[in-house]
Amino acid sequence: MPSSGWGYEAHNGPEEWQKFFPLANGNRQSPIDIQTRYVKYDVHLRPLNPVYDPSSAQLILNSGHSVNVEYDDSKPLSVLSGGPIIGRYRLRQFHFHWGRTDDGGSEHTVNGVQYAAELHLLHWNTEKYSDFVQAAYQPDGLAVIACLLELGEGNSALQKITGALDSIIKQHHKIVFTDFDPMSLLPKSLEYWTYLGSLTSPPLWESVIWIVLKDRMTISSEQIAKFRSLHHSKCEDKNDCLMLSNFRPTQPLLNREVRATIT
């Protein structure tokens, strides 16, 4: 079976993460299974207020772990405020997670249900921290909007991204990619669940305020197949290259609380 290169399969499984990244066993690891019967509905949670400038999109990149669309975060062009965060966080990039089969690729699950894929929009706290790396070490440094993608009709906004993947098959390949509004990938309703967690790839810093949207968007089988055509960072020969799966399994909630907006 080909390796995904992500660190969950074959010779590079979760036990190696725990060996090299002790935070893999930390107290606020992500993703999680959101059990809605235990969620706390919080009247004090504010509406999300993402304001994105499509012209701040810069490039699309095969990171070796996912496909990233990266934004200019040197200026307050694309900014998230409201919701569970204090102040304004700038958009740095968004990327995707998927699995070997169409019925399982999301990182977060809801009441034990895993969806076809998941979109993450990564922001950092520019009001308190001077750069992304500094923010990534802090408990309130990062904010990620997660959107679950269920199998269904093709997503027309997503088509612009999947249409570019043939140009970035190999790791570190990138092309100019601009004039893209991330709002086109999100549902109309921005009601959400939120909890304190971590990055879902090494080094697993516990610095993320997670904002998981309740409503889902659709993705087609053909669009997921395009993601699986990318080559991963562990690619050593042509028979072991495909990035077939790049999601982390859910982690224990432990003593954390999941809060939600009231609809």
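This note goes through aromatic contacts, charged pairs, a surface patch and some backbone details of the structure above.

1. Basis of the note. The model is predicted, so local features are taken only where pLDDT is at least 70 and side-chain atom pairs only at pLDDT 80 or more, while totals for chains, interfaces and linings use all residues. Residues are numbered from 1 along each chain as its sequence is written, and side-chain values use heavy atoms, with hydrogens and water left out.

2. Aromatic pairs. The structure holds eight aromatic pairs, a pair being two rings of Phe, Tyr or Trp (its six-membered ring) with centres within 6.5 Å, called stacked if the planes are under 30 degrees apart, edge-to-face if over 60 and tilted for the rest. One of them joins Tyr71 and Phe94, whose ring centres are 6.0 Å apart and whose planes meet at 45°, so this pair is tilted. Tyr71 belongs to strand S5 (residues 67-71) and Phe94 to strand S7 (residues 89-98), so the pair ties together parts that are 23 residues apart in sequence; helices (H or I, at least four residues) and strands (E, at least two) are DSSP runs numbered from the N terminus. Tyr71 counts as buried at 3% relative accessibility, and Phe94 is buried at 0%, where buried means under 20% relative accessible area, exposed over 50% and partly exposed in between (1.4 Å probe, protein chains only).

3. A second tilted pair. Tyr137 and Trp205 also form a tilted aromatic pair, with 4.6 Å from centre to centre and 45° between the planes. This pair links distant parts of the chain, since Tyr137 is in the loop between helix H2 (132-136) and strand S11 (142-151) and Trp205 is in the loop between strand S13 (192-197) and strand S14 (208-213), 68 residues apart. Tyr137 is exposed, with a relative accessible area of 54%.

4. The aromatic cluster and charges over rings. Tyr71, Phe94, Phe96, Trp98, Phe177, Phe180 and Phe227 form one aromatic cluster. The charged end of Lys160 sits over the ring of Phe177, 5.1 Å from its centre, and that of Arg92 sits over the ring of Phe132, at 4.2 Å from the centre; the rule asks for NZ of Lys or CZ of Arg within 6 Å of the ring centre and within 35 degrees of the ring normal.

5. Salt bridges. The count comes to seven salt bridges, each being a side-chain nitrogen of Lys or Arg within 4 Å of a carboxyl oxygen of Asp or Glu. Arg92 meets Asp73 in one of them, at 2.9 Å from N to O, and this pair links distant parts of the chain, with Asp73 in the loop between S5 and S6 and Arg92 in strand S7, 19 residues apart. Asp73 is buried at 15% relative accessible area, whereas Arg92 is partly exposed at 31%.

6. Further salt bridges. Asp140 and Lys128 form a salt bridge with their closest N and O atoms 2.7 Å apart. Asp140 lies in the loop between H2 and S11 and Lys128 in the loop between strand S10 (117-125) and H2, so the pair ties together parts that are twelve residues apart in sequence. Asp166 forms a salt bridge with Lys226, again with 2.7 Å between the closest N and O atoms. Asp166 is in the loop between H3 and S12 and Lys226 is in helix H4 (residues 221-228), so that pair ties together parts that are 60 residues apart in sequence. Asp166 counts as exposed at 54% relative accessibility, while Lys226 is partly exposed at 25%.

7. Backbone details. Cis peptide bonds join Ser30 to Pro31, with omega about 5°, and Pro202 to Pro203, with omega about 15°. Pro31 is found in the loop between helix H1 (14-20) and strand S1 (33-34), and Pro203 in the loop between S13 and S14. His172, a residue other than glycine, has a positive phi near 75° and lies in the loop between helix H3 (156-162) and strand S12 (174-176). Asp179, which is not a glycine either, has a positive phi of about 55° and is found in the loop between S12 and S13. His172 is exposed at 54% relative accessible area, and Asp179 counts as exposed at 55%.
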